[in-house]
Amino acid sequence: MKEIELKEEVVRTAKKAEEIGLFKHKSGNVSAIDREKGVVYITPSGISRQELRSDMIAAVDLDGNIIDAPYKPSIETQMHVRAYKIKEKASGIVHSHSRYATLFACMPKEILPVTVEAIHYGGNIVEVAEYAPPGTCDLAECMEDVMKDSDVCLLKYHGVLAVGQTLEKALLNAMYVEEVAFLYYHMLALGQTEFMPINLLENLKNG
């Protein structure tokens, strides 16, 4: 994709994420990467989705250095660029503070794959990365071990990180983490103690 197309996709995805409830006002962030150029396009900090336009999207390199930024890039830029280094096939990232998934992040408690819908993000347990303050290099480092073997993780006391081979897939991964978290929460609230065997998802992945 050309630069303008990537920026427009970042804007569309950020607006869609807020529309479906993954983001609240000015929270969460989205990025896409041009692998050939080594450029990451990321949402700015402190701009509402209603105001967001493609000419507001920042461009940074894979070390987080600003190439072009009409507005300050998201404070989570370091986490995004680190994730792109870990996940070499990823082309898009969505970081959300969606309600039920963030509830598990705050407990902190991993999310079990209690429904076949978990297959959308790999059918794995959604693990919790250790806590570090938002916007820090420490946070980028904390999520590294968890994200090596998964496309999604919970950030302790914070929210959700989802990557995808496309930005659309990253958004879908974040959506399904929230959906499975919703179901798992209510199963726990109803006293459920037995859940779908993980091997069933393994069979789906291998089928």
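Figure 1. The model shown here and in the following views is a predicted one. A disulfide is a covalent bond between the sulfur atoms of two cysteines. A search of the whole structure finds zero disulfides. Cysteine 137 takes part in none, and its nearest cysteine sulfur, which belongs to cysteine 142, lies 11 Å away. For cysteine 153, the closest cysteine sulfur is also that of cysteine 142, at 10 Å, which is too far for a bond because a disulfide requires the two sulfur atoms to be within 2.5 Å. Is cysteine 153 buried or exposed? Its relative accessibility is 0%, so cysteine 153 counts as buried.

**Figure 2. The open sheet of eight strands.** The strands follow the order S4-S3-S2-S1-S5-S8-S7-S6, and their pairing is mixed. Strand S4 (66-68) and strand S6 (128-129) stand at the edges; each has a single partner strand, so one side of each has no neighbour in the sheet. Strands of a sheet pair through backbone hydrogen bonds, either parallel or antiparallel.

Figure 3. Strand S1 (residues 29-34) pairs with strand S2 (residues 39-42) in the antiparallel sense, over four bridges. Within this pair, isoleucine 33 has valine 40 of S2 as its bridge partner. Strand S2 is in turn joined to strand S3 (residues 58-61) by four bridges, and these two strands run antiparallel. Here valine 40 stands opposite valine 60 in S3. Strands S3 and S4 also run antiparallel, joined by two bridges. Which residue of S4 is the bridge partner of alanine 59? The partner is aspartate 68. The hairpin of S3 and S4 has four residues between the strands, and its glycine 64 takes a positive phi near 85 degrees.

**Figure 4. Helix H3 and its surroundings.** The buried residues of H3 include Tyr100, Ala101, Thr102, Phe104 and Ala105. What do the buried residues of H3 pack against? They pack against S7, S8 and H6. The axes of H3 and H6 come within 7 Å and cross at roughly 65 degrees. The two helices are therefore roughly perpendicular to each other, and their crossing is left-handed. On the H3 side, the residues that meet H6 are Arg99, Tyr100, Ala101, Leu103 and Phe104. Their counterparts in H6 are Val177, Glu178, Ala181, Phe182, Tyr184, Tyr185, His186 and Leu188.

**Figure 5. The contact between helices H1 and H6.** Helix H1 (residues 3-19) and H6 have axes that come within 10 Å and cross at roughly 15 degrees. This angle makes H1 roughly parallel to H6. The crossing of H1 and H6 is right-handed. From H1, the contact involves Glu9, Val10, Thr13, Lys16 and Ala17; from H6, it involves Leu167, Glu168 and Leu171.

**Figure 6. Asparagine 173 in its buried setting.** Asparagine 173 has its place in helix H6. With a relative accessible area of 1%, asparagine 173 is buried. Which residues are in contact with asparagine 173, leaving aside its neighbours within four places in sequence? They are His120, Tyr121, Asp151, Val152, Ala162, Val163 and Gly164.

Figure 7. In the loop between H1 and S1 is lysine 26, which has a positive phi of about 70 degrees although it is not a glycine. Lysine 26 has a relative accessibility of 42% and so counts as partly exposed. In the loop between S7 and S8 is tyrosine 157, a residue other than glycine whose phi is likewise positive, near 60 degrees. Tyrosine 157 is partly exposed, with a relative accessible area of 46%. The loop between H3 and S6 contains proline 108. The peptide bond from methionine 107 to proline 108 is cis, and its omega is near -20 degrees.

Definitions and conventions: Residues are numbered from 1 along each chain as its sequence is written. This is a predicted model: local features need pLDDT of at least 70, side-chain atom pairs count only at pLDDT 80 or more; totals for chains, interfaces and linings use all residues. Side-chain values use heavy atoms; hydrogens and water are left out. Two strands pair if DSSP finds at least two bridges between them. Buried means under 20% relative accessible area, exposed over 50%, partly exposed in between (1.4 Å probe, protein chains only). Axes are lines fitted to C-alpha atoms, for helices over the stretch in contact, and angles run from 0 to 180 degrees between N-to-C directions. Angles under 35 degrees count as roughly parallel, over 145 as roughly antiparallel, 65 to 115 as roughly perpendicular and the rest as oblique. A crossing is left-handed if the near helix is turned anticlockwise from the far one by less than a right angle, and right-handed if clockwise. Contact means heavy atoms within 4.5 Å.
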